[in-house]
Amino acid sequence: MKAIIWVLGVLLLICFGKFALIWSGAYNIAADEPHWRLTERVMETLRDRSVAVRASSIVAPNLTDESLIRAGAGNYDAMCTGCHLQPGIEQSEVSVGLYPSPPNLTRRRMDDAARAFWVIKHGIKLSGMPAWGRSMEDEHIWGMVAFLRELPDMAPKRYRELVETSGGHSHGKLEEEPHSHDVPENARTAAATVDRFFSALAAGDLKRAGTELDPEVIILESGGGEYSAVEYLEGHAKHDAAFLKAAHHQPGRRAARVSGDLAWVASESELHVQKDGKPTAILSAETMVLRSSAAGWKIVHIHWSSRAGKS
Ligand code: HEC
């Protein structure tokens, strides 16, 4: 009997001890003070076993499919590089400050596809790793898994090429309402030409941007005009490219139509830039007219307008 009372007493003390420790604020929750080595080991094992058990029944699709890798590149570039970096970039302000620190995925090869898929979809508690399944369909997550398997060997040039031809950031859930995209089947290739022009311009690749333009393109912007591809590429294009390079582009409503050999594509978007150190939003609207030629759609007219949005 005496023994039982002793045991109960000790257990009670341990319990109170824990509460006292929590309440006293003695535990240092700071991210810049690492766990003890033992605590770290325990947490890593907890993570690895938890993921391994849950990922064991996941079956991967064909991850060598080039279009899947390409689609994954655009999403990775838009959502993951701040923490997991990209070829040619060694650290970011977020990556050095997070604890546990995010693995550098340009170095660490994610051979275990099921594990990568599970972690990306569900995230990891008490770390910065978000659960992307809340906003992304499975096929888009597989795209990033396929991309991550190639990432550790990737030269910065191949990385940029994949990202620029990926169709950007797209993931099924939480995207604009379908009615905001009014692009019939026969206008898709014209709309894709507009997107290619835009991403080449934003990448500062004026030569590639120029291949989407008709030599006699007329470009109206900011109350003025340019009346040939050469005039634009040697003039305002440089300024537009520099501006877009620093901006985060969020596509908005779009409508497109084809009539005979002409197509028009109207797009709205929001651009987020830093102006005098403050985040600033700019609402942009554009009309592009394209003409069908033997070499595909070429842009014959662009009209841009913009105004300040809410930051
Ligand atoms: C805010 C920072 C942050 C962002 C953004 C982020 N991650 Fe992570 N990620 C982490 C951290 C931190 C870990 C490590 C968690 C741990 O080990 O406890 C991690 C772990 C991972 C792992 C597991 C690596 C392994 O060893 O099993 C994968 C895969 C991964 N992230 C992929 C992604 C992808 C893909 C994206 C973009 C869709 C992304 N992450 C976005 C912080 C982030």
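Two strands pair if DSSP finds at least two bridges between them. Strands are DSSP runs of E with at least two residues, helices are runs of H or I with at least four residues, and both are numbered from the N terminus. Keep these in mind as we walk through this predicted model, in which local features need pLDDT of at least 70, side-chain atom pairs count only at pLDDT 80 or more, and totals for chains, interfaces and linings use all residues. Residues are numbered from 1 along each chain as its sequence is written.

**Strands**

| Pair | Direction | Bridges | A bridge partner in strand 7 |
|---|---|---|---|
| Strand 6 (residues 278-293) and strand 7 (residues 296-308) | antiparallel | 12 bridges | Gly296, for Ser293 |
| Strand 2 (residues 213-221) and strand 7 (residues 296-308) | parallel | five bridges | His303, for Leu220 |

Strand 6 and strand 7 also form a hairpin, with two residues between them.

**Around the ligand**

Now for the ligand. A residue is near a molecule if its C-beta atom, placed from the backbone, lies within 6 Å of it. The shell holds 24 residues, of which Cys80, Cys83, Ser127, Gly128 and Met129 come nearest. Helix 3 (66-79), helix 4 (81-84) and helix 6 (113-122) each supply at least two shell residues, and helix 6 gives the most, with four.

By class, 18 are nonpolar, four polar and two charged. Here Ala, Val, Leu, Ile, Met, Phe, Trp, Tyr, Cys and Pro count as nonpolar, Asp, Glu, Lys and Arg as charged, and the others, Gly among them, as polar.

**Domains**

Finally, an automatic or database assignment gives domain 1 (37-164) and domain 2 (178-308). Their centres, taken over C-alpha atoms, are 32 Å apart.
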